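Subject: Structure for you to look at

Hello,

I am passing on the structure we talked about. My notes on it follow below.

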Amino acid sequence: MDLPVDEWKSYILQKWSLLPKSIQVTISTAETLHDLFLHSSPLLQPEDEMFLKRLSGGYLVGKDPDASLFYREKGNQKFQAKDYMGAAVLYSKGVSHSGPSSTDISLCYANRSAALFHLGQYEICLKDIVRAQTHGYPERLQPKLLLRKAECLVTLGRPQEASQTVTDLESSFAAKPTLSASQFQILQRTLCRVKVKVQEKENLPEIFPEALTKTFEGVDLREENEQIPGASSSVSLHIDPLKGRYLVATKDILPGELLVKEDAFVSVLNPGEVPLRPRGLESKWDIQVTNGDLHCHRCLRHTLAPVPCDGCSYAKYCSQECMQQAWDRYHSVECSLGALLLTLGVFCHVALRSTLLARFEDVGKVTKKLCGEMSNQGICLPESKNPVQTLKYDLGGEGDKKDKAVETPIPGCDINGKYERNYNAIFHLLPHTENHSPEHKFLCALSVSALCRQLEAAGLQAFTTDLKPTKLKAAEPPVLCAELSVWGVAMLRHMLQLQCNAQAITTIQQTGSKESLITDTRRVRLATALFPVVSLLNHSCSPNTSVSFIGTIATIRASQLIRSGQEILHCYGPHESRMGVAERRQKLRSQYFFDCDCPPCEREKQRPSAGPGRGAFRCHRCRALLQGDDVLSCSGPACMESVSRDLLVSRLQDLQRQVGAAQKHLRNGRLEVAIQLLLGCQSDAESFLSAEHSVVGEIEDALAQAYAALDLPLFAGDWEKSATHLQKSLQVVEVHHGPSSVEMGHELFKLAQVFFNGCAVPEALKTIQKAEKVLLVHYGPWNDEIRELQKMKSCLLDLLPIPVGPKE
Ligand SMILES: [Zn+2]
Ligand SMILES: [Zn+2]
Ligand SMILES: [Zn+2]
Ligand SMILES: [Zn+2]
């Protein structure tokens, strides 16, 4: 997804292998990105471009009225089946494929408003009604729409507007009797109902919709750092020839303290698995739902009612404002390149968008950056000679270092030593040019070249027109003077930087079936972004912070006590609880080009058996742990059992396959089948896995979900069984992730839901308190799960019976 599609990758790799040795050597040994680009770019032949064009032709990114009709009909089917969520998403797809101000688009908006109405989403329902009307919703269908509007307004407690709508409706009935007698009757009956409701509510004060009063309480930095905007004053920036730039605590930091709150400099929504259009008409349009259907392409907010770009079916936004901003800042250039960008991958897209955003910064700096620095010193210098390596500079001003003369600022900082969250900071992230393989560099260079040629074909003026005529006007001449190759080199630099510096923006997605009383959550990747301040943190396989996201804003909180002077660390992905030291080190080396020497890595190197997955098998005879490498033998005192690791591993794989199958049944609501399978898995697991094995935890967790979803008379699921299994799952999570881990928080949240639904008041309150405590550290108060817990708590406190003392 980040890199170009496989077909293009293998095409370029083949091209590389066919190059004459001498050219391969020239490219491999190019000292600068500028040279690399200049040597590679001319090798992109017209036939290569044709090949790429054919590949991108597989993505449906334009408008297509037939697709609009197709999705509307599919949506209607879901609507009839009362799957309003599914219907809303399909109508959204229909909206994206219709041209602006067409009957198609107005019908899709109107139908979506009906689905949203049934989902209780009255605010956005009203918006869709307005959208349907502005795009020319047919006159004869208006009454239905107006009635829906009145009902929404009533429900939202806005009776004055509702009664105005009713008056409009009545006068339009009188003026244009376009309806059949039976339709008219139905409408009149509904109208009466609404009128009654309007009268009931007429005297109530207007209520503000909750959405408008939501604030970002509790997610602000207590005191902002003067040198690093977006970071807390409890940290300072340091640089070291080995570690590069890093952050250190300047005072003791308590768990839960917010250390960084930063909006992404650039982010690109990961499209999810956008399937290439298969051959054959039957399945020409897919009805699969991806991230791109449910999140704003600019601010990443979740939305059930996106508005599409007028020019493509691909870009969708939460609001007109987001659409306009995206258009002004980058989409006016990207719009016609949608298919190409999907083919070339998210990194290429982020690279393009970064350079597009650079236009909006101080003209002098950007020009210097793009025209000057790049061809003179900056990236023309080989990385090894980069002054970064020899810099010794301390911003924190700790004791004895204080009086050291400041010669050159830390890369990314301005002359006053202030780290700027801008293109300058992005530009200074290390591309690690010397570490990438020549093939990879060639792939990136040719992908960027292809993009440049398309930009050229689309007309360079695209870079400068459509800019709002404020201060940006001044950006035109220097940008125009810059040759496209300068943009190319900048994009190539960003593409290479991204491998080490890209931050995945993740979101918690609920995956449980709708019937289930507990929500199962899964962390999914939403976007790829660059965060200048977050990028300053180094990696640890056992980090002392926790990162989470609100839209495009990253927040980093201390997940444990951090003493003054300790480094602030976060995990780049390979966490000690998820993989063993060998796998972690291999991942970090191949993606980030360093050997991790964090404490868990050092510890596990000494004692490889300490890692996860080791010591996880046990003897089927006496249940004692099995020990050893290739052949494991029982550690039980009187047992002679031994077994090969290969055999155990293949047994484990079989078991995992079965658990996967059971989880699939669970997701599809086939609960009895799932439970039978899971109980089988459970006894199988017991015979050869330790009780703390993560697969055992998964089985228990799935069983808990299945029991919670069971439709038993009188009971809200079989909550007692569900709770028992969740408690077992919790034990496993605690062993693997620790008692105050975010994983523990999510599992406690589920347990709280189960107790809540079972009306087990004291247990529920206790669990809610625990879950809240853990989740607060990782997310702060602005978090859906925490809000949910608080609602449960207040509900339970209302329920609590008044203690009755002995009578008389
Ligand atoms: Zn948005
Ligand atoms: Zn567009
Ligand atoms: Zn490590
Ligand atoms: Zn044994």
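**The zinc site**

The site of the zinc ion (ligand 2) is tetrahedral, with angles of 104 to 116 degrees among its 4 donor atoms. Please keep in mind that this is a predicted model. Ideal angles for four tetrahedral donors are 109.5 degrees. The zinc ion (ligand 2) is held by SG of C309, SG of C312, NE2 of H331 and SG of C335, at 2.1 to 2.3 Å. Along the sequence, these donor residues follow the spacing C-x2-C-x18-H-x3-C.

**A helix pair**

Helix 24 covers residues 645–667 and helix 25 covers residues 671–688. Their axes come within 8 Å and cross at roughly 160 degrees. Angles over 145 degrees count as roughly antiparallel, so helix 24 and helix 25 are roughly antiparallel to each other. The crossing of the two helices is left-handed. On the helix 24 side, the residues that meet helix 25 include L648, L652, L655, V659 and L666. On the helix 25 side, those that meet helix 24 include L671, V673, L677, L678 and F688.

**H440**

H440 lies in helix 19, which spans residues 438–457. Its relative accessible area is 15%, under the 20% cut-off, and H440 is therefore buried. Leaving aside neighbours within four places in sequence, H440 is in contact with L3, L496 and Q499.

Regards

Methods: Residues numbered from 1 in each chain as written. Chains lettered and ligands numbered in written order. Predicted model: local features only at pLDDT ≥ 70, side-chain atom pairs only at ≥ 80, totals over all residues. Heavy atoms only, no water. Donors = N, O, S within 2.8 Å, 3.2 Å for Na, K, Ca; no water. Tetrahedral: all angles 85-135°; square planar, octahedral: opposite > 155°, others 65-115°. Axes fitted to C-alpha atoms, helices over the stretch in contact; angles between N-to-C directions. Helix = DSSP H or I, 4+ residues; strand = E, 2+ residues; numbered from the N terminus. Parallel < 35°, antiparallel > 145°, perpendicular 65-115°, else oblique. Left-handed = near helix turned anticlockwise from the far one by under 90°. Contact = heavy atoms within 4.5 Å. Buried < 20%, exposed > 50% of the residue type's maximum accessible area, 1.4 Å probe, protein only.
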